[in-house]
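Hi everyone, thanks for coming. Let me put the model up on the screen, and then I'll walk you through a few places in it.

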Amino acid sequence: MTAQNSRQPVSEPTRAFAPGRVNLIGEHTDYNDGFVLPFALGLGCTATVVLAGEGWSATSAQQDDEVATTTCAPSDVPGWATYVLGPLWLLADRGVDVPPLRIHVDSNVPLGAGLSSSAALVCSVITALDEALSLGLSADESLALSRAVENDVVGAPTGGMDQLVSLRAVEGHALFCDMRSLETSPVPFDLEAAGLALLVIDTRAPHRHVDGEYAERRAGCEEAARVLGVPALRDVTADDVEAAVEGLDDDRLQRYVRHVVTENDRVLATVDLLSEGDVAGIGPLLTASHAPTRDDFAISVPEVDAAVEALLEAGALGARMTGGGFGGCVIGLLPTAGVEPAVDIVTRRFRDGGWQEPTGFLVTPGPGAHVVPA
Ligand code: GLA
């Protein structure tokens with residue numbers, strides 16, 4: 001990013017879209033320098049940037065308040081606006097001459113469902129700003145900026161997968177991401193050709209202690225890597241995992257290591273199968289991923305486990321929680337004809353459990369962030 005950008009004044013609105021995501025497999029591996037395999041949703045956020053008279057302001061189609069700011073004061077604005085204005089603060093802080101702007105965002109990613117509504121917000125704003133101000137951001141710079149908004153401005157210690165896939169997703173493909181090198185490669189994921197569908201169940205379970213618990217898992221993994229003398233848990237292989245676990249006294253850290261190391265292996269196996277066009281073959285890996293997120297990493301909740309069980313009973317080839325955990329969404333890989341009966345079975349299970357009715361929708365891999373006509 002150049003400090004003295006040759007920005008053009010914005011006279012016409014500039015608009016960009018960035019998607020939310022589903023993580024097919026690879027949970028809590030990103031901040032361990034590991035592997036993930038998310039894909040972009042068709043749902044996402046559209047950000048529109050226009051030149052304004054003075055200051056910077058943000059509005060959202062989903063919020064009542066308009067937020068205006070001229071300073072880098074994250075604590076002064078509501079959470080949603082921090083994601084919208086955060087990129088401006090960081091750019092200005094880095095010496096970019098950011099003119100007075102109005103930014104409007106409109107998102108259809110369900111909030112708080114673990115589908116990365118926040119990455120969609122940030123990445124749509126950054127993509128629109130890059131275009132509107134001719135910033136000439138490289139792919140790496142856009143990624144670093146979006147991660148800095150979440151980690152440094154908002155202060156959430158997340159691992160970067162969400163922003164990476166929101167920016168770089170490729171339609172019709174899942175995105176294999178090496179979270180150490182930040183290299184990505186699209187992996188074909190043609191559900192229709194396989195006669196299959198991917199059903200997302202939003203359990204609508206209230207998120208419980210998400211921020212503190214997420215940070216605790218991350219700190220636990222970093223502590224385990226330190227004790228084992230490796231840069232990150234990525235450096236423990238599946239063959240070494242039992243020996244590594246024996247080197248840890250703390251049962252909690254042992255469980256974290258088991259999950260992360262075996263999950264990295266499952267991601268690689270899933271990539272191999274999809275690369276061979278074997279979509280149905282990934283089902284058992286998805287299901288195998290759920291058990292350690294529940295038992296070892298302890299990030300599931302009863303509604304999520306019930307949805308996974310109900311999907312499997314309904315004939316899903318595989319099912320698992322997706323995202324950070326502690327509530328949120330479950331995915332099930334189903335024969336297309338099995339989708340409606342599966343939704344009925346899950347809904348009945350939730351009624352029996354006395355829980356809020358879940359919502360279900362089908363997803364296919366969409367494109368990453370891009371400029372759209374205003
Ligand atoms: C959240 C974080 C990601 C990742 C997932 C868990 O979505 O934002 O960085 O850690 O949880 O896989």
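A quick word on the ground rules. This is a predicted model, in which local features need pLDDT of at least 70, side-chain atom pairs count only at pLDDT 80 or more, and totals for chains, interfaces and linings use all residues. Residues are numbered from 1 along each chain as its sequence is written, and side-chain values use heavy atoms, with hydrogens and water left out.

So, the domains. The protein is divided into domain 1 (14-188 + 367-372) and domain 2 (196-363), with bounds that come from an automatic or database domain assignment. Taken over C-alpha atoms, their centres are 25 Å apart. Across the boundary, 33 residues of domain 1 are in contact with 42 residues of domain 2, where contact means heavy atoms within 4.5 Å.

Now, which residues touch the most other members of the largest nonpolar core? They are Leu 24, Leu 37, Val 105, Leu 129, Phe 189 and Leu 198, in a core of 67 residues. A nonpolar core here is a set of buried Ala, Val, Leu, Ile, Met, Phe, Trp, Tyr and Cys residues joined through side-chain atoms within 4.5 Å. Buried means under 20% relative accessible area, exposed over 50%, and partly exposed in between, with a 1.4 Å probe and protein chains only. Helix α1 (residues 79-93) gives the most to this core, nine residues; helices (H or I, at least four residues) and strands (E, at least two) are DSSP runs numbered from the N terminus. Both domain 1 and domain 2 give residues to this core, so it lies between them. Leu 198 has contacts that include Val 22, Leu 24, Phe 39, Ile 331 and Phe 361, leaving aside residues up to four places away in sequence. Apart from this core lies another, of 39 residues, among them Leu 199, Val 241, Phe 326 and Val 339.

Next, please look at helix α4 (residues 161-168). Eight of its eight residues are buried, so α4 is largely enclosed by the rest of the structure. That includes Asp 162 and Arg 168. What covers the buried residues includes β1 (14-25), β2 (35-51), α2 (117-132) and α3 (139-154).

Over to a helix pair. The axes of α9 (residues 302-313) and α10 come within 9 Å and cross at roughly 140°; axes are lines fitted to C-alpha atoms, for helices over the stretch in contact, and angles run from 0 to 180 degrees between N-to-C directions. Among the residues making the contact are Glu 303 and Ala 307 of α9, and Ile 345 and Phe 350 of α10.

Beyond residues up to four places away in sequence, Phe 350 touches Thr 203, Glu 303, Ala 307, Trp 355, Gln 356 and Pro 358.

Finally, the loops. Most residues other than glycine have a negative phi. Arg 204, however, has a positive phi of about 55°; this arginine is in the loop between β8 (196-202) and α5 (210-228) and is partly exposed at 37% relative accessibility. Ala 298 also has a positive phi, near 55°, and is found in the loop between α8 (283-295) and α9. With a relative accessible area of 32%, Ala 298 is partly exposed.
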